[in-house]
Amino acid sequence: MNKLILTIAVVFFYFQLSAQNVMTPEILIQLNKVSGKGISTDGKQVVYSVSKYNKDLNTNKTNFYAIPILGGEAKLLDNYKALLPNKNMSPNELYVISTSEVKLQNITGSDFYNDVPKSNVQIYDALNYRHWDTWEDGKYSHIGYASTQNNENNWIDIMPKEPFDCPTKPFGGSEDYVWSPDSKSILYVAKKLIGTEYAKSTNTDIYEYNLASKTTKNLTSENKGYDTQPAFSSKGQLAWLQMKRDGYEADKNDIIVKINNESVNLTANWDETVDSFVWQDKGEKIYFIAPTFGTMQLFEIAIPTSTKKISKPKQLTEGQFDISGIVGQVNNTLVVGRRDMNHAIELYSVDLKSGKMNQITHENDEIYKSLDLSTVEKRMVKTTDGKKMLTWVIYPPNFDASKKYPTILYCKGGPQGPLSQSYSFRWNYQLMAANGYIIVAPSRRGMSGFGVEWNEQISTDYGGQNMQDYLSAIDDISKEPYVDTDRLGAVGASYGGYSVFYLAGMHEGRFKSFIAHDGMFNLRSMYGTTEELFFVNWDLGGNYWDTSNAAAQQSFEKFNPVNYVDKWTTPILIIQGGKDYRVPIGQGLEAFQAAQLKGVKSKLLYFPEENHWVLNPQNSLVWQREFFKWLQETL
């Protein structure tokens with residue numbers, strides 16, 4: 001009976017696909033989400049997961065599969081971990097790493113007073129009282145190791161009594177720790193600062209814990225920015241990623257390698273930033289992913305024998321797509337994730353000699369075959385300062401140049417980072433275009449992939465040149481006869497939300513509708529409530545009370561959207577997550593209240609349990625429906 005119901009559901013789903021022909025929120029949410037887990041120990045198979053959403057149960061089900069390296073029939077796995085190397089086990093197989101939450105600080109009322117066990121109060125005497133979407137509770141994530149030779153509870157905490165986290169918060173994972181090749185030590189990443197200093201700094205370091213002496217030393221103390229992702233080659237050589245400047249989370253990310261006990265920067269003279277890397281199996285090269293000209297591509301760089309023989313990175317792949325991650329290598333083949341603005345991630349093999357790519361997994365092929373897809377093109381736009389800016393233009397399926405279309409300016413968040421061939425399950429270009437809109441996505445100042453100078457220009461210039469970049473993009477496309485200039489909108493999240501709030505006060509009538517998600521509205525109250533102070537200190541130039549700081553005063557006065565509300569007349573949808581502590585709830589509420597009191601058509605979409613993102617699938621469906629409902633009403 002259950003099998004019959006499932007069959008009927010599948011048939012109905014594919015009937016919906018064939019009947020609609022374009023992407024919808026309901027189809028988007030049911031796409032298979034593919035994630036590469038690694039290469040099997042015998043080197044013959046790729047292990048990957050497929051996550052599928054069940055709307056009725058509001059749950060995700062994940063299955064694991066193995067498929068031949070060069071493609072073929074996928075096999076469902078009962079125990080996928082049995083096929084993969086255990087990265088937590090020491091090379092000599094005598095120990096295994098695990099993590100545990102360790103209570104080290106008193107925070108709650110009952111922590112301080114035993115006679116009030118039912119009290120609900122938190123007590124803080126320093127900053128970092130909350131982070132991303134979680135309030136500090138006095139517990140810290142620690143890594144430790146245990147012997148594999150007995151079943152007793154013999155876990156040894158390698159960070160005893162230290163009020164620091166590894167993996168790092170909020171997004172760190174297994175890339176934050178690694179065994180040394182001789183199994184004598186564990187290398188791990190931590191930001192060993194507390195309170196206010198923690199909130200102001202990005203200074204993570206790589207530490208080495210010696211199992212025999214139970215002592216720890218800092219391997220990267222000379223660097224004051226991020227040190228992350230330590231990894232050893234098959235030859236025992238250490239590499240990691242490094243940003244130089246403390247407080248700058250979007251600094252140029254470089255590959256550092258130990259050569260003759262010296263830390264050598266392989267990419268110092270390369271005018272781009274590294275996203276992630278893996279060692280070649282022979283230890284003679286490093287493969288890495290980096291943004292370039294509106295895409296994310298695969299590169300390699302040779303490991304020199306001395307600092308005088310550093311070569312330039314070589315680009316291995318090229319095309320209108322993103323390499324989203326490296327799964328692993330077998331001989332001359334690398335397995336990667338790949339996506340573009342019309343397709344979610346699938347796994348591909350890359351021939352390391354030719355760069356030729358072959359699709360391995362086909363989890364969403366049937367769905368996409370039933371849909372009319374968008375045309376995505378590059379458009380080079382001249383900016384107000386005479387530069388050329390790559391702008392992605394995504395056209396509605398079955399676009400007809402003889403017709404006129406409402407057009408949306410997409411304002412990317414960040415503010416730094418690539419605007420590449422990504423495929424989001426919320427800000428989905430394909431879905432926006434499928435609803436009949438032309439989408440204009442400019443790689444304004446702050447976007448990586450166009451050199452360090454272009455990426456860095458936006459800091460302390462939030463309302464400056466990049467705002468002109470936005471307007472240059474929308475004005476350029478508006479010259480086309482198929483753009484309905486009476487139906488232009490602008491949408492964005494995070495810094496993109498800030499962009500919408502700022503444009504609302506200076507767009508000179510260009511736009512007829514705005515949507516801002518978790519955007520910065522009042523930079524003073526943002527500075528007073530955000531959790532990672534290093535971000536606002538760097539990008540805004542400092543605090544608002546320092547009247548001698550010209551850069552900060554410009555940010556808080558000239559570039560503060562709240563100061564231009566008197567010019568707001570355009571309808572605006574404001575979206576806010578209740579657990580967003582990066583851009584806290586007051587930003588969305590202040591903006592909505594201002595719009596309402598001004599008499600501007602406005603709506604507030606509030607998600608009490610969501611953070612900076614919308615993660616619950618049914619919440620995401622509501623988000624999409626309200627998003628397009630608003631555009632239909634106002635454009």
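Which side chains meet in a salt bridge with an N to O distance of 3.7 Å? They are those of E633 and K601, where a salt bridge is a side-chain nitrogen of Lys or Arg within 4 Å of a carboxyl oxygen of Asp or Glu. E633 lies in helix α14 and K601 in the loop between α13 (585–598) and β33 (602–607), 32 residues apart.

The model is predicted: local features need pLDDT of at least 70, side-chain atom pairs count only at pLDDT 80 or more, and totals for chains, interfaces and linings use all residues. Residues are numbered from 1 along each chain as its sequence is written, and side-chain values use heavy atoms, with hydrogens and water left out.

The pLDDT (the predictor's confidence in each residue, from 0 to 100) averages 95 over the protein, and 97% of the residues score at least 70. Over residues 1–19 the pLDDT is below 50. Where pLDDT is low, the predicted coordinates should not be read in detail.

The whole structure holds 25 salt bridges. Three of them are listed here.

| Pair | N to O distance |
|---|---|
| E208 and K217 | 3.9 Å |
| R445 and D469 | 2.9 Å |
| E633 and K601 | 3.7 Å |

R445 lies in the loop between β29 (438–442) and α7 (452–456) and D469 in helix α8 (residues 465–477), so this pair ties together parts 24 residues apart in sequence. R445 is buried at 3% relative accessibility, and D469 is buried at 0% (buried means under 20% relative accessible area, exposed over 50%, partly exposed in between; 1.4 Å probe, protein chains only). E633 is partly exposed at 42%, as is K601 at 44%.

How values were computed
Contact means heavy atoms within 4.5 Å. Helices (H or I, at least four residues) and strands (E, at least two) are DSSP runs, numbered from the N terminus.
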